[in-house]
Amino acid sequence: MPNGFVYLRDVAPEIRQDIRYAGSNNFMRKRLAGYRAPECVLTQRAAAALSGVQEDALRSGYSLVVFDCYRPQRAVDAMVAWVRAGGAADPEYYPRVSRSRLVREGYIGAKSSHARGSTVDLALEKISGDEPGDLQSAACERQDWGTSNFGTAFDCFDPASRTNSKSVSRDARALRRLLVDLMDRGGFKNYSGEWWHFTLRNEPFPGKSFDFAIQARRP
C-alpha cells in the first residue's frame, strides 16, 4: 500500500467488516477488480477518525459495520462499464431505475471518492438486545442481516436511500440521524443521496485517485 494507508483491522479491530465487493454479494453479483481480499483499507487519518466514531457509537449502544472503504479505480471503472452495458431494473438493488441510468441518476460515480481512500460505506448494529427479525425495506427486496433497520439495505439504488427520505419508517429515520450525528462528530460528511456513504472532511488526498489492489492483510 502507498504511505499513509492502513488496514482498519490494525486500528479498530472491533469494527465488523462485511466487504461486499470482495465477493458476489453485491449489485454486480461478482467480485470486483482489485478486491483480492475482504479487507477495509483506509488512509491512516480516516481509520483513526473512524476508530473514534466507533468509541462514540459504543456509548450509544451500537457498533459500526463497514461495507466498503478504499475502492481501487479499476473497480470504479468496472462499475461504470457495467452500467453502460445496460439492462432491466433489479428488484434487489435498483427496482425503479434502469441499470443504464444508475450513473446519470447519481447512484454510481464515474469518479468515486472511495478511490481517494477516505470514504467509507457503513451501518450500525446493536451491541445487545434484539434486532427486528424482519427488516422491512421501503425499497429493494433485500436485507442486511445483522445490522439495524435503516429503511433500505446498503446499495439500494432508490430515492428511499436518500438520507432524509420520508418514505422510510420513523425508527429508520432516527437511526439515520444517529449515524449522521456520530460520523459528523468524528469528522465525516454524509453524501445526501446515500445514508451509508461518508467522507472524511480533512481527507489527505482530495485530488487523487488510487488504483493499488487490496491485498490480504498479514498478521
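**Exercise 1.** Locate Asn26 relative to the strands, and decide whether Asn26 is buried or exposed.

*Solution.* Asn26 sits in the loop between β2 (16-17) and β3 (41-43), where strands are DSSP runs of E with at least two residues, numbered from the N terminus. The model is a predicted one, in which local features need pLDDT of at least 70 and side-chain atom pairs count only at pLDDT 80 or more, while totals for chains, interfaces and linings use all residues. Residues are numbered from 1 along each chain as its sequence is written, and side-chain values use heavy atoms, with hydrogens and water left out. Asn26 counts as buried because its relative accessibility is 1%, the class being defined as under 20% relative accessible area with a 1.4 Å probe and protein chains only. Neighbours within four places in sequence aside, Asn26 is in contact (heavy atoms within 4.5 Å) with Arg20, Tyr21, Leu32 and Tyr93.

**Exercise 2.** Determine which strands pair with β7, and what covers its faces.

*Solution.* Begin with strand β5 (residues 119-126), which pairs with β7 in the antiparallel sense over three bridges; pairing requires that DSSP finds at least two bridges between two strands. Within this pairing, Asp121 has His197 as its bridge partner. Turn next to strand β6 (residues 188-190), which is also antiparallel to β7 over three bridges, with Lys189 bridged to Thr199, and a hairpin of six residues joins β6 to β7. In a regular strand the side chains alternate between the two faces of the sheet. In β7 (residues 197-200), His197 and Thr199 lie on one side and Phe198 and Leu200 on the other, and all are buried, so that both faces are covered.

Technical notes: Helices (H or I, at least four residues) and strands (E, at least two) are DSSP runs, numbered from the N terminus. Buried means under 20% relative accessible area, exposed over 50%, partly exposed in between (1.4 Å probe, protein chains only).
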